[in-house]
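These are my notebook entries on a structure that is new to me. I set down what I looked up, entry by entry.

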Amino acid sequence: MESRVLGRWGAGAVALALALTACGGSSGDKGGSASASSGTSGSTAAAPAKDGGVVSINLSEPQFLSPGQVNETNGSEVLDALFTGLVKYDQDNKAVLTDLADSIESTDNKTWDIKIKPGWTFHDGTPVTAKSFVDAWNWAAYGPNGALNAYFFGPDAVGIQGYDDLQPAKEGATPKAKEMSGLKVVSDTEFTVTLVKPSNVFKTALGYTAFYPLPQAFFTEGEKKFQEAPIGNGPFKMSGSWVHNQLIKVVRYDQYAGATKPHVAEIDYKMYKAAETAYNDLTAGSLDILTQIPPSDLTRAKSDLGDGYQEDPSSYYAFLGFPTFDPMYQDINVRKAISMSIDRATIGKTVFQGTRVPADDFVAPVIPGYRQGACGELCTYDPAKAKQYWAAAKNKPTSVTLTYNADGGHKEWIDASCNFVKKSLGVGCVGKPAPDFATLLNNLDKAKKTKASFGAFRLGWIMDYPSAQDYLGPLYSSKGSSNYYGYNNPAFDALVNKGTQETSDDAAIKDWQDAGDILAKDAPIAPMFFGASQVGFDTSKVANVRVDPYQKVDKFALTVK
């Protein structure tokens with residue numbers, strides 16, 4: 001998702017990301033994980049596969065570990081090891097069936113027939129059936145459960161028939177139904193999905209974590225207990241329980257029914273409060289893979305790591321969010337002033353050593369429909385114009401705060417942004433760290449619900465599935481799962497929804513581009529950077545390291561030395 005709000009640190013240049021996506025090395029049908037290019041700088045030749053071994057990978061504390069809740073990159077990385085869904089994405093970002101799915105068919109993009117293969121089991125030995133999917137989707141969509149990914153089943157995303165009946169008429173009320181009428185179990189290996197309207201993104205969206213199956217244990221023991229040691233159907237299973245803020249250990253599931261099996265026997269996800277600590281552990285030999293090198297270490301990473309430094313294509317997109325529910329940020333002049341006061345190009349060159357470029361659209365360049373310069377004035381550094389907008393604002397903060405997660409390596413660029421705000425607008429500005437990404441998201445969610453003053457904040461996005469709708473809908477629609485700024489424009493919502501119903505790609509893209517033009521005028525956020533992934537790994541311990549555009553490690557290619 002939200003898939004995904006980005007918690008880990010990210011950096012890279014758009015030109016590089018595009019080049020890697022177009023001409024990257026190894027590809028393949030890797031059974032539950034998209035395989036990306038092995039990138040540049042590091043060795044691109046695949047090392048001979050060696051079976052077994054333990055690999056450690058950096059992580060920040062996930063917010064959740066259940067499919068209906070996970071909408072950020074840390075939890076998604078773990079669930080990618082634990083679960084196999086219906087769809088995955090190939091090197092060209094096209095949706096293809098996983099080994100679990102037998103067929104996903106529709107003649108009208110509204111009624112879908114889904115068949116799965118028999119013989120698949122969850123890690124507790126129980127069978128994966130059509131009911132495993134239907135029950136999981138109904139649970140996530142049921143309003144009182146408060147699932148963060150409920151949005152994806154509703155009318156602003158895939159739009160399964162009966163979704164609205166699972167939502168309470170008012171807070172505390174009991175919904176009309178507990179199951180969506182559009183979901184029907186035909187047999188153990190077949191179910192049908194009826195949508196409210198035709199959707200050209202339904203099949204593509206099925207690769208997202210929200211659409212994973214769940215075992216009966218989830219419903220008997222409850223979500224809270226389940227996510228401490230999730231039971232999935234993927235290539236790895238939990239070893240012990242989630243040790244919060246320390247470790248999540250997964251081991252290879254020997255009964256995994258996929259055609260392709262992972263090589264490594266165990267993955268240890270080590271959690272870090274600071275990106276710099278993770279880098280130090282990598283160079284000291286205490287960590288094997290660092291999926292994003294922090295900005296403070298970019299100047300020395302190539303010399304420190306040698307062939308263990310590589311750049312992989314990414315759908316990364318960083319931005320500053322403005323709480324439109326906060327009276328001090330409701331005036332569009334305030335939001336434009338802050339955005340236009342920041343020199344993104346200079347920050348990209350100095351803080352990020354030329355590995356990031358200014359974002360100039362609301363979708364990443366790796367997505368069809370990206371337009372260079374679509375953000376217009378909002379993304380243009382113009383301190384004189386910014387000061388005019390600031391002066392014109394009737395209500396505005398006396399000092400600007402930019403909140404960020406301290407475990408993500410964002411301090412340097414947030415501080416640099418504040419320096420430009422102070423210089424351009426003549427007001428105070430300070431970076432305000434939240435201890436970790438999970439805390440930042442929880443605080444944002446509470447502020448939005450209570451309409452409490454919060455100030456501007458840093459977020460990032462990695463695509464859940466390869467569509468412009470996945471950037472626009474979850475982030476900016478009125479019911480978007482990651483709309484933490486309270487933005488609400490019915491005209492925008494209508495265009496995003498219209499795009500999902502179009503019968504041609506060109507028509508859909510045109511609708512979504514028109515929706516982007518509305519964002520450029522309303523300025524609920526300030527687009528900041530696009531980038532690829534700067535990956536570091538210990539060449540004496542691991543090989544075939546690949547991080548895909550969804551910010552996930554390819555667990556089927558990965559081997560130990």
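Predicted model: local features only at pLDDT ≥ 70, side-chain atom pairs only at ≥ 80, totals over all residues.

Entry on the largest pocket. I looked up its volume and found about 1300 Å³ of space. The pocket is lined by 38 residues, and those closest to its centre are G146, A147, D445, K448 and K449. By class, I recorded 14 nonpolar, 15 polar and nine charged residues in this lining. Which element gives the largest share of the lining? I found that helix α13, residues 437–450, supplies it with six residues.

Entry on helix α15. I located this helix at residues 490–501 and counted 12 residues in it. From its first C-alpha to its last it reaches 17 Å, close to the 16 Å expected at 1.5 Å a residue. At its N-terminal end I found a cap: a side-chain oxygen of N489 lies 2.9 Å from the backbone nitrogen of A491. I then listed the buried residues of α15, which are F492, D493, L495, V496, N497, G499 and T500. Against which helices do these buried residues pack? I found α14, residues 468–476, and α16, residues 505–522. As a reminder to myself, an α-helix has 3.6 residues a turn, so residues three or four places apart point the same way.

Entry on positive phi values. I looked up N93, which is not a glycine but has a positive phi of about 60°. N93 sits in the loop between β2 (87–89) and β3 (95–97). Is N93 buried or exposed? With a relative accessibility of 12%, N93 counts as buried, because the cut-off for buried is under 20%. I next looked up Q353, another residue other than glycine, whose phi is positive and near 55°. Q353 belongs to the loop between α10 (344–350) and β13 (356–358).

Entry on G258. I found this glycine in the loop between β9 (247–252) and β10 (266–271). G258 counts as buried, at 1% relative accessibility. Which residues does G258 touch, not counting those up to four places away in sequence? I recorded D99 and W120. I also noted L100: its C-alpha is separated by 7.0 Å from that of G258, although the two residues are 158 residues apart along the chain.

Notes
Residues numbered from 1 in each chain as written. Heavy atoms only, no water. Helix = DSSP H or I, 4+ residues; strand = E, 2+ residues; numbered from the N terminus. Expected span 1.5 Å × (residues − 1). Buried < 20%, exposed > 50% of the residue type's maximum accessible area, 1.4 Å probe, protein only. Contact = heavy atoms within 4.5 Å. Polar contact = N/O pair within 3.5 Å; in protein donor to acceptor, adjacent residues only side chain to side chain. 1 Å grid on protein atoms, 1.4 Å probe; cavity = no way out; pocket = protein on both sides within 12 Å on 5 of 7 lines; lining within 4 Å. Points joined across faces, edges and corners; volume = space filled by probe spheres on them. Nonpolar A, V, L, I, M, F, W, Y, C, P; charged D, E, K, R; others polar.
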